[in-house]
Amino acid sequence: MSDVLHIQTRAYPLHYTSIDRTVERVVLPGRGQLRPVPGVLGSVAYNAEETLDFDLTEIVQAAVSLPDITIVSCRSRILAAGGVLVSYALRHTTDLRALDAHDLAALDATINRELREADRALLGEVLAAAKQSGVFAQVVVPPGGAEAADWTEVDPRAVRYNCHFITRDPAWEPDGRVPNLVLGRRCRILLPYTYAWDDDPSPDRIDDILTMLEPADIAVAQQSVLVGASVGGLRILTELAQATAGRLEGPEFRRFLDGVWADYHRLDAYRVESGQDHRATYIAARETIGLDGTHERAEKLLNHVNASLLAESSRRSEQLDGRLNRVAAALTVVASAAFLLDIAAFLWPDVSGLTKAVTVTGVTLLAAGMLGATIFWSRRGSDEGPGDRSGGRVADGIRQRAGGARQDRGRVPAARPPGPLEIDR
């Protein structure tokens, strides 16, 4: 076996109000049961950050196998804020020291794809069983996406992961494009999301090793929260663009956004709660993966989604108001017809059956005509809308601007110095 311990830590964004650390067991149908263990983030120095840990090693080893790779450990840690970390510890028969940083990253990406395909159903069962056992409280799903029953189906694009290589005196050199940042004493960033750690790679120390990796893994958990929210926002924009009738409600989306930003900023507190070495590694990992840029782009996108949902809600309210107005008009016509019949019965109590039939028929035809005219004109007014009724004024304005442009065509505008170059970061 190689003297390098290869660890992959995936971050799954899930938004829940709290976790129940008193649950004693989680039953997996056909696979046995898991015993949750209350834990903490060991790298947090000031205020304890609680977690709930699951040892998935046995069920993963029974369900997943990869050639030339040994799965020595698989741990799941449910964070107190918006995410689940799943860490695989792997041993390779080949010598990873013979590879450079880019070959390591390519090898890791291949293994990650294979693992995610192999354990997708298994991890879904674990999350569903944890929910059934009461571990999660009030899971919030993005509006417009899966129904609440399918909340464990995390979009694969929202999952982010780090790869770590633990060995004594790591020989790999960082990529030249990685900025020179202050790091903890044992960490070296080879590429974004790829780290080398100078430490004892013994699998017996897996608890200490996972604590050592927490700074980078918390940063990638924040990245997954932002990417997951952006993916949900893009799904909603697509449904709005296609005019798809779905579960699109502005207040529901606002509650989801509140949960996203609460989880993101609670994870962001790690920068002031962690120890000095861990804090330096965390800040360097944030900068290397571009977390602040992701935050800015996600905020712009989600603000646009919120504005679009408000506009769609206003449009649906106008349509509902139009329908209610038509119903009210129809009820008014029917009530008027009934009132006319009452008057006729009062004025002519002793008339022949033919006269009664003619009167009823006439009033009914009159009511039907008034009802049809009312519905027709109300629909026509709602279909035209304010934009259509102002079409003449818009056309007049366009013609006036076009005439002014023809008059000014021969003029040469005064020269102006160019403005500063703006770069979109």
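Q: How many residues lie between β11 and β12 in their hairpin, and which residue in the turn has a positive phi?
A: In this predicted model, local features need pLDDT of at least 70 and side-chain atom pairs count only at pLDDT 80 or more, while totals for chains, interfaces and linings use all residues. Residues are numbered from 1 along each chain as its sequence is written, and side-chain values use heavy atoms, with hydrogens and water left out. Strands (E, at least two residues) and helices (H or I, at least four) are DSSP runs numbered from the N terminus. The β11-β12 hairpin has two residues between its strands, and Tyr-193 in the turn has a positive phi of about 70°.

Q: How many bridges join β11 to β12, and which residue is the partner of Cys-187?
A: Two strands pair if DSSP finds at least two bridges between them. Here four bridges join β11 to β12 (residues 194-198), and the two run antiparallel. Cys-187 has Trp-197 of β12 as its bridge partner.

Q: Why is β11 largely enclosed by the rest of the structure?
A: A residue is buried under 20% relative accessible area, exposed over 50%, and partly exposed in between (1.4 Å probe, protein chains only). Four of the five residues of β11 (residues 187-191) are buried, so the strand is largely enclosed.

Q: In what order do the strands of the open sheet run, and which are at its edges?
A: The eight strands follow the order β5-β6-β7-β8-β1-β10-β12-β11, with mixed pairing. The edge strands, β5 (37-40) and β11, each pair on one side only. Within the sheet, β7 (residues 69-79) and β8 (residues 83-92) pair in the antiparallel sense over nine bridges.

Q: Which strands does helix α6 touch?
A: Contact means heavy atoms within 4.5 Å. Axes are lines fitted to C-alpha atoms, for helices over the stretch in contact, and angles run from 0 to 180 degrees between N-to-C directions. Helix α3 (residues 206-241) lies across strands including β1 and β10, running at about 160° to β10. Helix α6 (residues 276-289) packs on the sheet and touches β11 and β12, its direction making about 5° with that of β11.

Q: Is His-295 buried or exposed?
A: His-295, in helix α7 (residues 291-347), counts as buried at 18% relative accessibility. Leaving aside neighbours within four places in sequence, its contacts are Leu-226, Trp-261, Tyr-264 and His-265.

Q: Where is confidence lowest in the protein chain?
A: The predictor's confidence in each residue is its pLDDT, from 0 to 100. Confidence is lowest in helix α9 (residues 391-407), at a mean of 44, and highest in β12, at 97. Over residues 385-425 the pLDDT is below 50, and this stretch has four contacts in the model beyond near neighbours in sequence.
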